[in-house]
Amino acid sequence: MDETIGTGSLCLESEATDTLKETVKRIKNLCVGHPAKKQAYIKQGIIPTLLKLIDRRDSELTWQICGTIGILANNNVAGAEQVASNSGLCTLLSLLSSDDERLVKQASLCILGALKSVERPAKIFLENIQLLESVCSLFCNPFASASLRECTCFILTSCLENAESEQIVDWFRISNFCFEKLKSCNLRDPRTLTPYLNVLKSLTMRNREIGKQFIEHNFVELLVEVMKGVDMTLKVIACRLYTNLMNFSLLQEDQASKDTAVIIMPLLNRMLSNRDRNIQLEGCKMLTQVVAIAEIYQQQAFDCNLVHCLIELGHNINISDVEAACILLQAVAAVCSLVEECRRLVIESRLFSLVVNSLDTSYPELRIAGLSALRSLSRSVRNLRASLAEAVLMEPLLRSLSDENKQVQIQALSTVCNLVLYFSPLKNSFLESNGLTTLLNLCHSNDKSLKYYAVWALKNLLFLSGSKMKKRIIDEIGMDYIFCLIEKGEDYSFQEQGINLLRNLTCTFSIECERENILDFIDEHCYRLVLCIQDSLQSPCMEVVLQALYVVCNFVVGSERHKQAICNSKIPKLLLNFLTNPSYLIRIATIWCIINLIWKETNDINDVSNLADYRRARIASFMEMGYEEMLEGLLADSNVEVRGRAEMALQLLRDRTISDFGDENDYEQVSRGILL
């Protein structure tokens, strides 16, 4: 072993300057290409000692020290953390204001090497605002060298891409500086644009106002020219910035769609097809961002063969490469969320096995990415009968519902929401695997997010289910639970989900549903249910109101007892007011409630006699309340469906024969199952 290690690096401070320079230089040379020697020096604590020696104000010595620290910290977490944890960054950043360009460049490389080797470089600066402010000042120095700009740009972009950074410093100061520099940059050398576009790319990720200012400065044309250029790094930065502007709807839709199809998608194809793994993964990240904006961009990705590129990339990524697998699966989730053709290609490829295998790993981030991809793929469950049934998904999916990681549970619940809909081949498999018990337990979770998605999944499970399934769920969870969701929900979202549960529960449209059996176990809760509907119809949240109207539609079908219960409440007066609601959906749902309430039933499930007399009395009451005049006014409504349904309701009120306007079973029932 070299004698410098043997005698202890802490003795460096006692050496004369010339000898010290040679020693530091020798240490640097010994460490190049020798990880074991580098680790030995780091373990001895040489980095803190070298940082102290920088105070000697000898430019040549400081240059050698920066080079040595850079070698020690580069690609070495222990060394990099010593630089960050011993006020080393403050010392090294102070060198960036030096007049010695050679020293500035060496110090910049040293800082970059250390920061790229620590796990969360942004955290260092976000926890030390004074340090971050000094970086901002260095970046905004109009006479800064290229190396200084590169170093400070890396720090700023790292901080900006962290959500915690938004209100920490005056980012508009940085953006205004970048705007001024863009105006004066030499467009013949596009590389001079790099640091400014890079920082603006990070600034516009979450700040719409800076994106708006970018457009007001007329830089979009410049951005398009850069995207058409030859410098791959700069093209990627420009595309990311352009996508940020699209994400905030700051660009004209037609122009954005054209530029994406002509410039961005072909670039992504080249990136995903590149042999360099880093470029491939950066392409995946960009693709994830672009296609998340709208369905049209997912279709463009399909048309540009980007799904095939992802499939090819999947052949070369092993599940043990956690970071790469996560990035790929996130891209799959994004590109398959809305376009059926994309899902089909993935399901029929080997990439689908990567999705399935990711559910059983020990890495929570990989399980989350895999479940996110599966959630997107499960949106087309009709096409998954063979693939999903053969993939043995249910066991790892159920385990994910009980995962120790909350985000894993949420993604698993979102996937279950899609898989338990009535047309899913895995619905029975979920139930047979005791999935309902797990789901009901999560409905009682103290965690708001878990409870919300569990109720959503339960709602989808009830969607067009048969009588036996509905009775089983109600027996296990209890009607009290549903009423409490509506009456004491944490917020309107829970009230809406509770009303949706009632909506699907009271719907007897399914051929597997025996209306008598459904209404039997609703009847015992009839009074409370009507009060619950009445209160929901007075909610300030219109989505809750809309769902409550749908419950009325379902509840009164085929039951004179239920019609009377509704008409003996305040609900008819509330319905009258909803006929003039600004939302056409509310107006349509209200008219359907009226139609179902005054429909000419030929029989009743409770064998109530004198149906005609009850109906005539109901119609007389509605006429007295002014329904006829209100419905006449809707014959001139701007919405064609409102006009049609209003005419039908008027015919019923005026007691025309059923044959004049429809089949005797032409009442409306509505159930709701929503894919996530």
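This is a predicted model: local features need pLDDT of at least 70, side-chain atom pairs count only at pLDDT 80 or more; totals for chains, interfaces and linings use all residues.
**Helices, a crossing and some positive phi angles**

Let me begin with helix α5, residues 59–73, which has 15 residues and reaches 21 Å from its first C-alpha to its last, close to the 21 Å expected at 1.5 Å a residue, where the expected span is 1.5 Å times one less than the number of residues. Helices here are DSSP runs of H or I with at least four residues, numbered from the N terminus. Residues are numbered from 1 along each chain as its sequence is written, and side-chain values use heavy atoms, with hydrogens and water left out.

Of the 15 residues of α5, 12 are buried, so this helix is largely enclosed by the rest of the structure; buried means under 20% relative accessible area, exposed over 50%, and partly exposed in between, with a 1.4 Å probe and protein chains only. Among the buried residues are Trp-63, Gln-64 and Cys-66. At the start of α5, a side-chain oxygen of Asp-58 comes to within 3.1 Å of the backbone nitrogen of Glu-60, and just after the helix Asn-75 takes a positive phi of about 60°.

Positive phi turns up elsewhere too. Most residues other than glycine have a negative phi. Ser-249, although not a glycine, has a positive phi of about 55°, and sits in the loop between α16 (232–247) and α17 (253–273), where its relative accessibility of 59% makes it exposed. Asn-305, with a positive phi of about 65°, is in the loop between α19 (295–303) and α20 (306–315) and is partly exposed at 42%.

How do α16 and α18 (residues 277–291) cross? Their axes, which are lines fitted to C-alpha atoms over the stretch in contact, with angles from 0 to 180 degrees between N-to-C directions, come within 10 Å and cross at roughly 15°. The two helices are therefore roughly parallel to each other, a label for angles under 35 degrees. Contact, meaning heavy atoms within 4.5 Å, is made by residues including Val-236 and Arg-240 of α16 and Glu-282 and Met-286 of α18.

Finally, Cys-326 lies in helix α21, residues 322–335, and counts as buried at 7% relative accessibility. Its C-alpha is separated by 5.4 Å from that of Leu-366, 40 residues apart along the chain. Leaving aside neighbours within four places in sequence, Cys-326 is in contact with Glu-365, Leu-366 and Ala-369.

Conventions:
A polar contact is a pair of N or O atoms within 3.5 Å; within protein, one must be able to donate a hydrogen and the other to accept it, and residues adjacent in sequence count only if both atoms are side-chain atoms. Angles under 35 degrees count as roughly parallel, over 145 as roughly antiparallel, 65 to 115 as roughly perpendicular and the rest as oblique.
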